[in-house]
Amino acid sequence: MDAPKPITGWLGTRLRQHGERPFLHFAGRTYSYTELARETELQHTRLTSIGINAGEVVALLSDYSFSAIAIFLALHDMRLIVVPIASAVPTEVEERLALLHIDRVIRDPSAIAPVEAGRGGATHEILQRLQLAERSGLVLFSSGSTGKPKAMVHDLDRLVDTYHDRKNRDITMMVFLMFDHIGGLNTLLTALASGAAMVIPETREPERVAELVARYRVAILPASPTFLNLMLLSGAPQRYDLSSLKFITYGTEPMPESLLARLRTAFPRARFLQTFGTSETGISQTTSLSSSSTLLKLDDPNIEHRIVDSELWLRSRTQILGYLNHNMDSFTADGWFKTGDIVEKAENGYLRIRGRSNELINVGGQKVLPAEIESVLLEMPEIEDCAVHGETNPITGQVVCAKVVLRSQANASVIRLSVRTFCRERLESYKVPVKVSVVSGPLYGARFKKQRLLS
């Protein structure tokens with residue numbers, strides 16, 4: 001194998017400049033930026049030596065690890081089209097692979113010879129445009145909660161370049177969102193550009209995350225509201241010293257007001273910041289009104305926004321080139337992406353994300369958003385978690401229904417009456433759940449996001 005060649009571009013230069021600063025704490029070991037640069041160069045040389053050519057479509061079947069990150073950076077440097085797939089569900093992985101004409105598959109980034117041949121064959125015209133322009137690409141998949149997952153194509157060079165001006169930060173960040181999630185990649189690229197240290201949990205369990213925050217004095221914890229609720233319920237904030245947390249950022253779903261209030265009590269020294277982004281347009285820079293408010297402002301020079309009939313539309317410099325398996329009906333002719341997020345305006349340019357349009361419940365013409373009812377239900381001391389959805393009704397069209405997970409001491413036989421009484425005192429009558437089901441299983445998926453449409 002030839003001698004390793006330095007990775008090119010501003011990002012390669014940045015990694016070398018960061019030098020011996022800690023890059024990653026993972027599985028009991030700490031890696032420096034120098035080690036990352038060296039491993040990326042080795043992977044680049046190894047992949048080149050087996051005949052991988054620029055423009056090939058390469059699936060990387062892995063969540064975050066030191067080796068996986070180095071391979072991802074090498075694939076980008078080689079101007080390849082990268083398809084990260086972090087799912088642990090075999091059928092889901094194969095479904096995603098079947099959507100693409102993959103040239104190579106990397107199933108185990110830590111292996112000596114991790115590359116398998118893919119199906120190959122003709123590629124989509126969007127991928128052909130990237131190949132002809134000799135630019136690296138990124139394919140991400142939607143969750144598939146409302147149908148087959150959409151395969152979205154980003155210009156990876158353009159996406160990476162938006163992080164060029166990040167200032168150096170001597171800070172430690174937790175990587176919570178997964179390798180194939182736009183928010184997880186945002187954390188990674190932010191750290192690489194700024195020289196921050198990252199901590200990756202081997203398992204995304206509240207106990208393990210809290211333990212790592214305490215051990216490595218993590219300052220920034222990005223997570224979903226659902227996971228933050230689980231962390232409170234686990235009692236981890238009482239068992240571990242989490243005083244190093246300066247910022248807790250939350251996104252991917254609406255934050256219940258009642259949950260935010262409890263989090264503020266549990267983490268009084270941390271600032272709570274709401275993030276926002278979509279797989280189609282990238283992560284937007286935002287400003288939260290305060291730690292106790294769910295109002296935010298989109299402050300990103302790369303992203304424009306407008307509100308049309310209460311729906312947030314975005315147009316960004318980093319939006320996708322298109323879908324490989326879906327039409328572009330979520331985009332207007334002049335490039336605006338209709339996010340499906342229902343928002344309300346506040347003063348001074350602030351917005352509140354209220355929920356998803358496809359989760360709206362229509363009760364006799366009155367629109368109900370599940371997050372509002374869930375926030376009220378979470379005020380009840382008997383309820384540990386909840387998910388609200390609509391069900392068909394012959395008179396009103398739909399009615400509000402709720403599934404609740406109870407705390408151990410709660411009495412399931414009386415909870416239905418208690419819920420309705422509690423909600424009547426705080427909500428309009430059409431928002432009060434007509435049907436309340438007590439369940440024992442989790443109401444969220446593997447990515448710690450509330451599952452309502454599957455209710």
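**View 1. Packing of helix 8 against helix 9.** In this predicted model, the axes of helix 8 (residues 206-216) and helix 9 (residues 225-234) cross at roughly 85 degrees and come within 9 Å. Helix 8 is therefore roughly perpendicular to helix 9 (65 to 115 degrees). Axes are lines fitted to C-alpha atoms over the stretch in contact, with angles from 0 to 180 degrees between N-to-C directions; helices are DSSP runs (H or I) of at least four residues, strands (E) of at least two. Pro206, Val209 and Ala210 of helix 8 meet Phe227, Leu230, Met231 and Ser234 of helix 9, contact meaning heavy atoms within 4.5 Å. These residues comprise 6 nonpolar, 1 polar and no charged.

**View 2. The largest nonpolar core.** Among its 54 residues, Phe23, Leu24, Leu36, Ile69, Phe72, Phe179 and Leu192 touch the most other members. Such a core joins buried residues (under 20% relative accessible area, 1.4 Å probe) through side-chain atoms within 4.5 Å. Helix 3 (residues 66-77) contributes the most, with 9 residues. Beyond four places in sequence, the contacts of Phe179 include Leu60, Tyr64, Ile69, Phe72, Leu185 and Leu188. A separate core of 31 residues includes Val199, Val213, Phe227 and Phe272.

**View 3. Surroundings of Ala197.** Ala197 lies in strand 10 (residues 197-200) and counts as buried because its relative accessibility is 6%. Excluding residues up to four places away in sequence, Ala197 touches Pro22, Phe23, His25, Ile171, Thr172 and Met173.

Residues are numbered from 1 along each chain as its sequence is written, and side-chain values use heavy atoms, without hydrogens and water. Local features need pLDDT of at least 70 and side-chain atom pairs pLDDT 80 or more, whereas totals for chains, interfaces and linings use all residues.

How values were computed:
Buried < 20%, exposed > 50% of the residue type's maximum accessible area, 1.4 Å probe, protein only. Parallel < 35°, antiparallel > 145°, perpendicular 65-115°, else oblique. Nonpolar A, V, L, I, M, F, W, Y, C, P; charged D, E, K, R; others polar.
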